[in-house]
Amino acid sequence: IQDNKGKKKKNKKPKKKETVSEKGNGEGSGAEQKEEAKAEKSEAATAFPPTFSVSEIKNKQRRHLMFMKLKQEKRQQKMQLKKKKKKEREALGDKAPPKEVPKTIENQRVYDETTVDPEDEEVAFDEGTDEFSAYFNGLTNPKVLITTSDRPRGRTVRFCEQLATVIPNAHVYYRRGLALKRIIPQCVARNFTYLMVINEDRKVPNGMVLCHLPDGPTAHFKMSSVRLRKEMKRRGKDPTEHSPEVILNNFTTRLGHSIGRLLAALFPQDPQFVGRQVATFHNQRDFIFFRFHRYIFKNEKKVGIQELGPRFTLKLRSLQKGTFDSKFGEYEWVLKRHEMDACRRKFQL
Amino acid sequence: MFVISSLCFLQVIWDIIGNQQFCSFKVKTKSQSFCRNEYNLTGLCNRSSCPLANSQYATIREEKGQCFLYMKVIERAAFPSKMWEKVKLSKNYEKALEQIDENLIYWPRFIRHKCKQRFTKITQYLIRMRKLVLKRQRKLVPLSRKVEQREKRKEEKALIAAQLDNAIEKELLERLKQGTYGDIYNFPVHAFDKALEQQDEESESESEEEEEEEDEEEEEEDVGKREFVAEEEVEESDLSDFEDMNKLRTSSDEEEEDEEESSEEEEEEEEEMEVEMKASKSKGKSPANGSVVRKKRAYVEIEYEQETEPTSKSRTTS
């Protein structure tokens, strides 16, 4: 390393000289002095390589150049290492050890003890008797009431309308400053199964309260990256009236399961395959991505999908038993940022 | 002399603070000047509204929802701590107005009128405050910029990691394989043949043990279900498969071939639905389809089972 650095400095000296000479003769003497000072510094630096670090050079341009050289060196070393490994691998042929799987966050995820085992009887029993059992046994048909917070802006209103086309049997109502606790008994009386409130802040929808109506759980989500239909690239025509299929991905833990059921119960139980529409709720690292596509099977190995409707991402903030009651409700789960964000490999859903 | 001087001094005060020199309560704007004195009746900076430049003055002020009438007379000008007389007004609007009239009985009309106006305004805003408290309050939750940025970045990374399109396509193809779509799509025949060719090269020895079991099962199934799709295609494929079998198969298998020939069956879907509670496990909208009829070839079915097991496992864990 010493030699390298020395060489570099030597390379630089002639460069510096050239620039100085270009500037003119007036500064000649001053420049020479500077160079001498630098020469001294560089000598001192090369004399103590172990403690040398790039950050000790005061001159910014020099420091920058040195840093770039350092990076290049490191990169070269890395490439050499890779090449060596590759050669070894080829040399061994079949006996080579299997390729190492790169670590991803999903790989490294801390095992959550509430992960649902598919054969778990307790879970199955719970799910057979919880608030959604009526729906999953085919007794009730979903009927969704979509509303907003007070005085919604145009974007939110349009988003609600689009949501209503995506979710079959959904009605949008304008909220005229009504209290949710008063709306809920009326909804129950009219056989609604879901109440969805899109909360708005600064002209943009940013939250969603999803309340399952006959005293079901209430979930409060944070909504982000909302894209309306016209903002989508290469989108298809408007969604038809057919009931879409539902895909729920990656809901592994108990909490995830209940949220999954909550979201699934928004849609009617028997999808109409004629419509070829699919609504996807994909959970990745506690973010639930919603997408609405139209699919077509080109052959048995390939399917083409075309995104239609609005898209948004949800992040669960709290899950409360019973219908909406923020003060006195019993919370099943609340996002406690301080505890939960501490570990990057731990996810709740 | 005394009277003139008393009036004069007020005029002098006004001359000083009103127009020429400085008044600390005065707020000047382009069109108008205001008075920030708490005891000011109208809020404007006028000769008649200035509490400093008027020896006889009255105001209405409210404290915690209660209105008071404050009066200042010249007799108490020498006792600053006792200068303002405070009278509590009743909560009844009319009675309070009468009280004001009664207290300010011989006072100048301007002050009386302005007092009543001010009192009216105050009661109106108190009523409104009480009404608002009963309505829904909007709670402002402070956002921490750092946290929001962090979440945003996490979301982006999660989106990249999710590979949504691939995941959706995979899921749809799996559902197609599982047979949730039933009769709608006619692909499966070709896929099945392709699968056959692939599996032909793989292990054939294991097939022998399981063949017997499957023969029995097959016959039971035959009795239960017999569903036909297009005849011709299947016959052709049957023939082609027979050819393949002849090439690769040993003699022991030919017996089974004969059995299979005898009972023709055609397949609809590729895979058989195993015993799973589809509704609860997959949580998809897949109606539990009737189990698909297998093809008669034993070896094919066996490898078929091998194929299904890993896929089913992957489905339940995902």
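In the predicted model described here, the axes of helix H2 (residues 93-103) of chain B and helix H3 (residues 109-134) of chain B come within 10 Å and cross at roughly 155 degrees, where axes are lines fitted to C-alpha atoms, for helices over the stretch in contact, and angles run from 0 to 180 degrees between N-to-C directions. H2(B) and H3(B) are therefore roughly antiparallel to each other, on a scale in which angles under 35 degrees count as roughly parallel, over 145 as roughly antiparallel, 65 to 115 as roughly perpendicular and the rest as oblique. Their crossing is right-handed; a crossing takes this name if the near helix is turned clockwise from the far one by less than a right angle, and is left-handed if the turn is anticlockwise. On the side of H2(B), the contact is made by B:Tyr93, B:Ala96, B:Leu97, B:Ile100 and B:Asp101, and on the side of H3(B) by B:Arg112, B:Cys115, B:Lys116, B:Phe119, B:Thr120 and B:Thr123, contact meaning heavy atoms within 4.5 Å. Sorted by class, the contact of H2(B) with H3(B) has 6 nonpolar, 2 polar and 3 charged residues, with Ala, Val, Leu, Ile, Met, Phe, Trp, Tyr, Cys and Pro counted as nonpolar, Asp, Glu, Lys and Arg as charged, and the others, Gly among them, as polar.

Because this is a predicted model, local features need pLDDT of at least 70 and side-chain atom pairs count only at pLDDT 80 or more, while totals for chains, interfaces and linings use all residues. Residues are numbered from 1 along each chain as its sequence is written, chains are lettered from A and ligands numbered from 1 in the order in which they are written, and side-chain values use heavy atoms, with hydrogens and water left out.

Chain B has 11 helices and 5 strands, helices (H or I, at least four residues) and strands (E, at least two) being DSSP runs numbered from the N terminus. Of its 318 residues, 38% count as buried, that is, under 20% relative accessible area, with exposed meaning over 50% and partly exposed in between (1.4 Å probe, protein chains only). Among the contacts in chain B with a separation of 6 or more, 58% are accounted for by residues 24 or more positions apart. Within this chain, B:Tyr39 lies in the loop between strand E2 (33-35) and strand E3 (57-63), and B:Tyr39 counts as buried at 19% relative accessibility. Leaving aside neighbours within four places in sequence, B:Tyr39 is in contact with B:Pro51, B:Tyr57, B:Thr59, B:Arg61, B:Tyr70 and B:Trp84. B:Tyr39 and B:Ile60 are 21 residues apart in sequence, and their C-alpha atoms are 8.0 Å apart in space.

The secondary structure of chain A comprises 9 helices and 11 strands, and 41% of the 349 residues of this chain count as buried. Residues 24 or more positions apart provide 65% of the contacts in chain A with a separation of 6 or more. In this chain, helix H4 (residues 121-129) and helix H8 (residues 254-264) pack at an angle of about 30 degrees, with their axes 12 Å apart. That angle makes H4(A) roughly parallel to H8(A), and H4(A) passes H8(A) in a right-handed crossing. From H4(A), A:Glu122, A:Val123, A:Asp126 and A:Glu127 meet A:Arg254, A:His257 and A:Arg261 of H8(A), and the residues of this contact divide into 1 nonpolar, 1 polar and 5 charged.

The largest nonpolar core has 45 residues, of which A:Met196 and A:Ile259 touch the most other members; such a core is a set of buried Ala, Val, Leu, Ile, Met, Phe, Trp, Tyr and Cys residues joined through side-chain atoms within 4.5 Å. Not counting residues up to four places away in sequence, A:Ile259 touches A:Phe221, A:Phe251, A:Ile288, A:Leu316, A:Leu319 and A:Leu349. A second, separate core of 24 residues includes B:Cys67, B:Tyr70, B:Val73 and B:Trp107.

Two loop residues of chain A complete the description. A:Arg276, in the loop between H8 and strand E7 (277-284) of chain A, has a phi near 55 degrees, a positive value in a residue other than glycine, and counts as partly exposed at 28% relative accessibility. A:Arg285, in the loop between E7 and strand E8 (287-299) of chain A, likewise has a positive phi near 55 degrees, but counts as buried at 19% relative accessibility.
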